[in-house]
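Reader: Before we turn to particulars, could you show me how to read strand pairing and burial from a set of coordinates?

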Amino acid sequence: MPDKETIRSFAYGLGAGLVGFGPVERYAAHGDLPAAFHPQNIWPQAKTVIALSVPSLLPTTETKVAHLYRSQYHNTNSLLDEIAYRTAAYLNRQGCAAINISRDGYGTGTLQIKPAASFSHVWAAYYAGLGVPGWNHALLTPQYGPRHRLVTVLTALELEGDPMVENELCTRCGACARACPAQSFSGDPRAAQSDMDRFACMGRDRVGIYAHCGFCIKVCPIGEDRVLYDRQNTAHYAKEAACVDAWSLGLAPGARRWV
Amino acid sequence: MRLLSALGIEKVWHIPMTFLSPEALWQHGLSPDAIWPGVKSLFVLGVRDLPVAPLPAAKEAGAFDVCSNLLDTAAYRLARHLNDRGYPSVNLPVDGTGEHIHEFKTVPVYRHKDALDIARCMDAQADGMKLSTVFTRLEGPGAYTELRGYAPGIHPTKQGIEQLSVQAGAERVGFASVDAWGGPVAGIADTLHPRDYLSDARTVIVLAAPLWIPITDMLPSILGRDQLIMADKLLEKAAYRLMLELSAAGSKVVGVPKPPLGESAAPAAYFHDQAGYRAGLGRIGKNGRLLTEAFGPRVALKVLLTDLALPGDTPLSGDECGGCSLCAELCPAGALKATGEGMARDAARCLEQRTRLDKSFCEPCGQCVRVCPAGLDRTLFAGAGADIYRAESMGTQGALPAIPFAGWNHVRSFGSLPVEPPDTRCRRDETAVAAGKGAIVDAR
């Protein structure tokens, strides 16, 4: 039976940035989601969730809503599915039943009418110790803040859970809410999460070059990637909002640096 | 370099910014600093752009260009590799123009070849290649490296092809000589010959990647659809890697395209399965599909043809299905019918059902693959069996425990739309089903 470190290094070798393990019992113990969304209901053999994350590189993410980010989005999507599928294949070859849940699950054709998925990679990654959901509903990680993308492998193998991130990472600064071009976020700023209008979010998301909007992850001040790229000052993001509507008319170049 | 080589990159140029004069940069309209400041050097990665047919199933998941995907993935991983070592880096995608922006703006934000042109790069040729770039704050003297695995004229061996395919993500690899074609397999006539695709083909290479039962059990659903698309993409990438290696050695090599949905009734629809049988990967079942020992019919397949002569594998003898015809019994379209000489397949009905699912964004149907009891994966994924599938199909699951139906229905209720009711011209013959004979009567 492969142990956690073997599985972890296998996934790193395929390109995973963060890998975490969470026993499925954590779903019921924390009670954040209705039982229908627990892995055991989706696949009765499931004992452990393996959360896998790859980063959205900050300079590319900063070019949102331009093409460079779109391209990175598609590229990380295919990498995520490849890592998860091959990790599941590896476990199955070792005789440990495993399946990968594809990274999206919204369905391209139905996104605007049904902006929800049957399985949440965010909560899986929370229970697997990668980070904590922030006010913007994205998983904040110490390494990348919300600038990363997630996928999950479920396995029948019982593995010890990684410690969960106990302290809040979100500072409730409200930058995500102010930057959102669709005003999707509202509610009590002290609450764990905002009330998010998914229809507003998705409606905006699919218009022209707005696809894969993601302002709420771009402007988030959390994450060590800001140190690496020397982008700790996030004040300049606020200036952009003013010209956003001009871009949607096609006046935007393929990419821009925002200063 | 080892990382890039393992990811299929053929050429790498490392160009310090000092090689690029400001005047030349200005003339080319090239300004790395305008995209991301502080760039010290560029890595330009190259892979030959070989002709491949597009993947029909990937139409909605963004255009999938296998060569660009290979390059973008490698460039992204190189950027992260450098980040992890403390050199901030970022990759620029192969196509920097932007699909939505084409209408308004035809100038890409960045042209990968410009840097090579300005640096007059080490006399290395990038003709016929696609390129991708990594901007980094790593400094260096500059270098040009060729990473190709084989020298021209030194042809890869069967073992080498197997190793590369498995390293690139294929689970099984089989080989067949084109001489194995001719004559029907399991009642399905050979209407296509490998030489219809490549006139001097000598060897057929078949790659297989498994689909997991718990996910095929959720068909029709977006997760089931995604799983097939991702397995197809993985095989496309593995096949592209093989094409690069074989063509570098001077062999001709082409991939057999998967027929789009509208042509799923065409002769090409069974070509992949038949090739898999001839390459020793499994037997042909009553559903017309390749039944592998490990995964039954739950595999995605990719077929390559080459003029390189390689020893073929031996097809498996015997019959996998025996008395079972669960696929025909449970086909929602009544497209499979037991006849005296085996199974008659009504491709038009199959297509009708799949088109209906496609409108609801949850194509493929896959019932004949989903319910098949063949395959060792049935032991690994303990769970659903014939009784469960029958109960679901007959609408009598109320008599059985809610698991696994609850999970399947939960998944199906997201990401796709309710499926239109089936064509009532097909009806189930309940007496025949009760007698265990299966099947659906054509009331047309």
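Reader: How many bridges join strand 3 of chain A to strand 6 of chain A?

Author: This is a predicted model, in which local features need pLDDT of at least 70, side-chain atom pairs count only at pLDDT 80 or more, and totals for chains, interfaces and linings use all residues. Residues are numbered from 1 along each chain as its sequence is written, chains are lettered from A and ligands numbered from 1 in the order in which they are written, and side-chain values use heavy atoms, leaving out hydrogens and water. Strands are DSSP runs of E with at least two residues, numbered from the N terminus, and two of them pair if DSSP finds at least two bridges between them. Here strand 3 (residues 98-101) of chain A runs antiparallel to strand 6 of chain A, with four bridges joining them, and Ile99(A) has Leu154(A) as its bridge partner in strand 6 of chain A.

Reader: Over how many bridges does strand 2 of chain A pair with strand 6 of chain A?

Author: Strand 2 (residues 48-55) of chain A pairs with strand 6 of chain A over eight bridges, in the antiparallel sense, and Ile50(A) lies opposite Val153(A) of strand 6 of chain A.

Reader: Why is strand 6 of chain A largely enclosed?

Author: Buried means under 20% relative accessible area, exposed over 50%, and partly exposed in between, with a 1.4 Å probe and protein chains only. Strand 6 (residues 148-155) of chain A is largely enclosed by the rest of the structure because eight of its eight residues are buried. His148(A), Leu150(A), Thr152(A) and Leu154(A) point one way from this strand of chain A, while Arg149(A), Val151(A), Val153(A) and Thr155(A) point the other way, and all are buried.
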